[in-house]
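Please keep the structure open while reading.

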Amino acid sequence: MIVCICNALREDDVRRAARDGASCPTTAYKTLGRKPRCGQCFSFAREIITAERATA
Ligand code: FES
């Protein structure tokens, strides 16, 4: 599933960034070499990051 349309980031990408230590969407996108743009994906990305970090 695509999480961030602006950056074409998939859920798997965001989960990987969270496992690599990213604790927020901005850091996760930076880890993936991207930058936040419109911000519409943030709440969904945050949920994914929180869930991934909870299971780590
Ligand atoms: S959808 Fe992610 S920054 Fe726009």
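Among contacts in the chain between residues at least 6 apart in sequence, what percentage join residues at least 24 apart? The model is predicted, and in it the figure is 47%.

**Overall fold**

- The chain has 3 helices and 2 strands, and from the N terminus its elements follow the order β-β-α-α-α.
- The radius of gyration is 10 Å, close to the 10 Å that the globule rule gives for 56 residues, so the chain is as compact as a globular protein of that length.
- Along the principal axes, the C-alpha atoms fill a box of roughly 30 × 20 × 15 Å.
- Of the 56 residues in the chain, 27% are buried.

**Nonpolar core**

- The largest nonpolar core has 13 residues.
- Those that touch the most other members are Val-3, Val-14, Ala-18, Ala-28, Ala-45, Ile-48 and Ile-49.
- Two or more residues of this core come from each of E1, H1, H2 and H3.
- In soluble globular proteins, nonpolar side chains tend to be buried together.
- Leaving aside neighbours within four places in sequence, Val-3 has contacts that include Leu-9, Val-14, Ala-45 and Ile-48.
- Arg-10, Glu-11, Cys-41 and Phe-44 are also in contact with Val-3.

**Helix H3**

- Helix H3 covers residues 42-55, which is 14 residues.
- At 1.5 Å a residue H3 should span 20 Å, and its end C-alpha atoms are 20 Å apart, so the two values agree.
- Ala-45, Ile-48 and Ile-49 are the buried residues of H3.
- Seen down the helix axis, these buried residues fall within an arc of 100°, so they line one face of H3.
- An α-helix has 3.6 residues a turn, so residues three or four places apart point the same way.
- The other side of H3 carries the exposed residues Ser-43, Glu-47, Thr-50, Ala-51, Ala-54 and Thr-55.
- The cover over the buried residues of H3 includes strand E1 (2-4), helix H1 (11-19) and helix H2 (25-31).

**Loop residue Ala-8**

- Ala-8 sits in the loop between E1 and strand E2 (9-10).
- Its phi is near 50°, a positive value in a residue other than glycine.
- Most residues other than glycine have a negative phi.
- Is Ala-8 buried or exposed? Ala-8 counts as exposed because it has 10 C-beta neighbours inside 10 Å, and the cut-off for exposed is 12 or fewer.

Notes
Residues are numbered from 1 along each chain as its sequence is written. This is a predicted model: local features need pLDDT of at least 70, side-chain atom pairs count only at pLDDT 80 or more; totals for chains, interfaces and linings use all residues. Helices (H or I, at least four residues) and strands (E, at least two) are DSSP runs, numbered from the N terminus. The expected span of a helix is 1.5 Å times one less than its number of residues. A residue is buried if 20 or more other C-beta atoms lie within 10 Å of its own, exposed if 12 or fewer, and partly exposed in between; C-beta atoms are placed from the backbone. The arc is that of the directions from the helix axis to the C-beta atoms. Two residues are in contact if their C-beta atoms, placed from the backbone, lie within 7 Å. A nonpolar core is a set of buried Ala, Val, Leu, Ile, Met, Phe, Trp, Tyr and Cys residues joined through C-beta atoms within 7 Å. The radius of gyration is taken over C-alpha atoms; the globule rule is 2.2 Å times the number of residues to the power 0.38.
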